[in-house]
Amino acid sequence: MKTIPVRLKERSYDILIGQNLLGSIGTSFRKAGLADRQFILVSQKNIWALFEKKISESFAKEQIQYKLFLLPSLKSSEACKTQAVWSRLIKSLASLDGKNRSLALLALGGGVVGDLTGFAAAVYRRGIPYVQIPTTLTAQVDSAIGGKTGVDLPEGKNLLGCIYQPAMVLSDISALSSLPDRHWSDGFAEVIKYGMIQDVSLFELLEKTGLQALRGDAEKFEEVIERCAKIKADTVEADEFDKKGVRIVLNFGHTAGHAIEAASAYSRAYTHGEAVGVGMLVACDISRSLGVLKDANLTQRLEKTLMKFNLPLHFKGVSAGQVLEAIGYDKKSIQKKNRFILPVKLGKVTVVKDIPSEVIQSALEGRKG
Ligand SMILES: NC(=O)c1ccc[n+]([C@@H]2O[C@H](COP(=O)([O-])OP(=O)(O)OC[C@H]3O[C@@H](n4cnc5c(N)ncnc54)[C@H](O)[C@@H]3O)[C@@H](O)[C@H]2O)c1
Ligand SMILES: [Zn+2]
């Protein structure tokens, strides 16, 4: 097992990464001083069915008390990330409050469970501890670390939320084995992103291996998770509240990526990672046309790597104009402010503001499948 510390003064915590960690979760809670609390364990029915035995047995050994709160089974898990479900969780906390143990929350699941649980922990009694147990690749390399919590509003994703750090993150790599193929690719888009923004040798490893090879090599794969968690932890340490222009580089590929997701929301044609993959290519194309990109081969290397992880190189089903609109332009506003993270070379990005809309439009047209 590897421990990666996130050093944020009194809000510091550890990320534990390794194989079969859930079997000894009770011991990890005891070591972290969390065993004497009353937990509400938040999860989804399908996820709890996978891990119930290991967790309940290990908790029983350490006499850790927990009550289960399962999110409703709706058409998508994102549909559970609402104020309504969050309020029900808060009510469950209130109904347990005042009994003999202090309360804490535990998020067992992907980013949806993690974001919603973290937000309940952040506001209940002005903050109670919560533990993240990420069970998707996206959550292990990204969403469970750094304390961004929240729920969606009908008007948009993650509109209600705050930054509130967990007390511990426990990433059991073996928990990923049941993930459907598309979720693996989805998570790897964020892994590729870390290579592009900061870690040349991580990118080189990804471009040499590919999805199947990495999934089949437990040791290498574990190292990949550790490196991503470390980059995320370092970035959060440097700019916890996303105010110093450091944490923002994690948004590489996300300006166009989010817009592709938003423009195609109705069809749900793209997962987040698939849209971010195309978004990274759009950023490369913009960077090249502005002369910011200093490495002529980078776009092609990124394309090849995305293909090795079954990620698309183009978007379909919506027009470049619709994506541009979703970035924040409408037909009337000629010059609106925008901010893109653009690659300079492998492992280095820069923030560029106010890019002319024609440059963005032509990059988007080039990525329209
Ligand atoms: N807080 C942050 O910094 C941050 C960063 C990135 C994304 N997010 C948020 O995370 C969410 C997306 O997270 P996600 O990609 O993990 O998706 P998710 O939480 O919706 O999980 C994806 C699906 O995988 C299933 N699943 C989870 N673990 C499984 C396992 N081990 N085996 C089989 N199936 C499993 C879930 O039931 C769900 O259907 C979005 O709401 C996004 O806004 C937050
Ligand atoms: Zn993302």
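This is a predicted model: local features need pLDDT of at least 70, side-chain atom pairs count only at pLDDT 80 or more; totals for chains, interfaces and linings use all residues.
**Figure 1. Arg11 is a partly exposed residue that pairs with Glu240.** Arg11 has a relative accessibility of 32%, which puts it in the partly exposed class (under 20% relative accessible area is buried, over 50% is exposed and partly exposed is in between, with a 1.4 Å probe and protein chains only). Residues are numbered from 1 along each chain as its sequence is written, chains are lettered from A and ligands numbered from 1 in written order, and side-chain values use heavy atoms, without hydrogens and water.

What joins the side chains of Arg11 and Glu240? They meet in a salt bridge, with 2.5 Å from N to O (a side-chain nitrogen of Lys or Arg within 4 Å of a carboxyl oxygen of Asp or Glu). Arg11 sits in the loop between strand 1 (2–6) and strand 2 (13–18), while Glu240 sits in the loop between helix 9 (218–238) and helix 10 (254–263), so this pair ties together parts that are 229 residues apart in sequence. Helices (H or I, at least four residues) and strands (E, at least two) are DSSP runs, numbered from the N terminus. The count of salt bridges in the model comes to 22.

**Figure 2. Asp97 and Arg125 form a salt bridge between two loops.** The closest N and O atoms of Asp97 and Arg125 are 2.7 Å apart. Asp97 belongs to the loop between helix 3 (83–96) and strand 5 (103–109), and Arg125 to the loop between helix 4 (111–123) and strand 6 (130–134); the two residues are 28 apart and link distant parts of the chain.

**Figure 3. Arg227 and Asp199 meet side chain to side chain.** This salt bridge is 3.0 Å from N to O. Arg227 is in helix 9 and Asp199 in the loop between helix 6 (181–197) and helix 7 (200–209), so far-off parts of the chain, 28 residues apart, are linked here. At 22% relative accessibility Arg227 counts as partly exposed, while Asp199, at 13%, counts as buried. In another group, salt bridges with shared partners join Glu78, Lys81, Asp115, Asp152 and Lys157 into one network.

One oxygen atom of ligand 1 lies 2.8 Å from a backbone N or O atom of Gly111. A polar backbone atom of Val112 is 3.0 Å from an oxygen atom of ligand 1. With Ala175, a polar backbone atom is 2.9 Å from a nitrogen atom of the ligand. On its own, ligand 1 has 870 Å² of accessible area, and the protein covers 85% of this (areas by the Shrake-Rupley method with a 1.4 Å probe; for residues, only the protein chains shown count as cover).

**Figure 4. Three residues coordinate the zinc ion, ligand 2.** Which atoms hold the zinc ion? Glu190 uses OE, while His254 and His272 each use NE2, at 2.1 Å (donors are N, O and S atoms within 2.8 Å of the metal, or 3.2 Å for Na, K and Ca; water is not among the atoms, so sites may look incomplete). Along the chain the donors follow the spacing E-x63-H-x17-H. Glu190 lies in helix 6 and His254 in helix 10, so this pair ties together parts that are 64 residues apart in sequence. Glu190 and His254 are both buried.

**Figure 5. Ala35 and Lys148 give two views of distance in the model.** Ala35, in the loop between helix 1 (25–31) and strand 3 (38–43), is buried, with a relative accessible area of 3%. From Ala35 to His314 there are 279 residues in sequence and 48 Å in space, C-alpha to C-alpha. Lys148 is part of strand 7 (residues 148–153) and counts as partly exposed, at 39% relative accessibility. Lys148 and Leu41 are 107 residues apart in sequence, and their C-alpha atoms are 19 Å apart in space.

Note on methods. A polar contact is a pair of N or O atoms within 3.5 Å; within protein, one must be able to donate a hydrogen and the other to accept it, and residues adjacent in sequence count only if both atoms are side-chain atoms.
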